[in-house]
Amino acid sequence: TGRYTAPGLFAGTYLVIALKDVDSTRLGDPELFNGLRSLATETRIGDGCFIMTHAHIAHDCVLGNGVIMANNVMIGGHVQIGDSAWIGGGAAVHQNSRIGRNAMLGGMAGLEGDLIPFGSALGNRAYLGGLNLVGLKRRGFSRETIHDVRNAYRLLFAEEGTFQERLDDVAETFATCPEAMEIVEFIRGGGNRSLCMPHREP
C-alpha cells in the first residue's frame, strides 16, 4: 500500500524519489504516483523537477533531472524522460515511450512513440515539429552547437535516401558534435515504440 507524504500527494508502493536536494524538486497538489505493477524496477524522479497539479506518473517510469511537467499530464508505465524535458499541460505519453534530453512535448499532445533529444512535438497524435530551439537557447547551448544540431536535424529528416542512410550520414558528418551524436545514439538505442516523425503532407 502507498502512503501520504504531503496533503493530497499519494506515493504508491516502490516509488523512489531520488533527490540529492529535497528542496530542488517541487510537487504540485495533488499528483498521483501509481504503485509498481512488477517488482523488477522502480519509478524514479530526479533532482530539480517541477511536477504541477494533477500530473499522473505511472509505474516503472524514470524521470531525469530538471523535468518540467505542467498540469494534468498523463505518463504511462515504463516511460523514460531525459533531463530538462518539458511536458505541456494535458499531454499524454504512451507506455514504453522515451523522451530525450531537452525535448519539449506541447500541451494537449498525445505522444505514441519516442521523441528525440532536443526535439519539439505537438498535435493530438503528436508529430515532430522541429527542434526545441527556445529551450536550447535558454539552457545556454552555444550558437555553434545549435547551428550544428539544426543542420543535423535537416539532414536526418530530409526526403532523400532511406532513414538509415541519413542516420549514418549524420553520424559521419557530425561526429564531433556531442549533441548531434546524442540524437543518433538515442535512435540507434531503439526502444519498444516507433520514432515520433515529422508530419508529411500526402
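## Where α2 meets α3

Let's start in the helical part: A152, L155 and L156 in α2 meet F163, R166, L167, D169, V170 and T173 in α3. Sorted by class, this contact has six nonpolar, one polar and two charged residues. Keep in mind as you look around that this is a predicted model.

Two packed helices are described by the angle between their axes and the distance between the axes. Here, helix α2 covers residues 143-156 and helix α3 covers residues 163-173; they pack at an angle of about 155°, and their axes are 8 Å apart. Angles over 145 degrees count as roughly antiparallel, and α2 and α3 are therefore roughly antiparallel to each other. Their crossing is right-handed.

## Bringing in α4

Helix α4, residues 178-189, also packs against α2: the two axes come within 8 Å and cross at roughly 35°. On the α2 side the contact is made by T145, V149, A152 and L156, and on the α4 side by E179, A180, I183 and I187. By class, that gives six nonpolar, one polar and one charged residues. If you are tracing side chains, A152 and L156 are worth a look: they take part in the contact with α3 and also in the contact with α4.

The remaining pairing to visit is α3 with α4, which pack at an angle of about 145° with their axes 9 Å apart. This crossing is left-handed. From α3 come F163, L167, D168, V170 and A171, and from α4 come M181, V184, I187 and R188. The residues of this contact divide into seven nonpolar, no polar and two charged.

## A hairpin and its parallel neighbour

Now to the strands. Strand β18, residues 119-122, pairs with strand β19, residues 127-131, in the antiparallel sense over four bridges. Together β18 and β19 form a hairpin with four residues between them, and G123 in the turn has a positive phi of about 110°.

Strand β16, residues 104-105, pairs with β18 as well, in the parallel sense over two bridges. A121 in β18 is a handy landmark here: its bridge partner in β19 is L128, and it is also the bridge partner of L105.

The protein averages a pLDDT of 85, and 79% of the residues score at least 70. Two stretches call for more care. Over residues 1-14 pLDDT stays under 50, and the model has 32 contacts beyond four places in sequence for them. Residues 35-40 likewise stay under 50, with 14 such contacts. Where pLDDT is low, the predicted coordinates should not be read in detail.

Technical notes: Residues numbered from 1 in each chain as written. Predicted model: local features only at pLDDT ≥ 70, side-chain atom pairs only at ≥ 80, totals over all residues. Heavy atoms only, no water. Pairing = 2+ DSSP bridges. pLDDT = per-residue confidence, 0-100. Contact = heavy atoms within 4.5 Å. Axes fitted to C-alpha atoms, helices over the stretch in contact; angles between N-to-C directions. Parallel < 35°, antiparallel > 145°, perpendicular 65-115°, else oblique. Left-handed = near helix turned anticlockwise from the far one by under 90°. Nonpolar A, V, L, I, M, F, W, Y, C, P; charged D, E, K, R; others polar.
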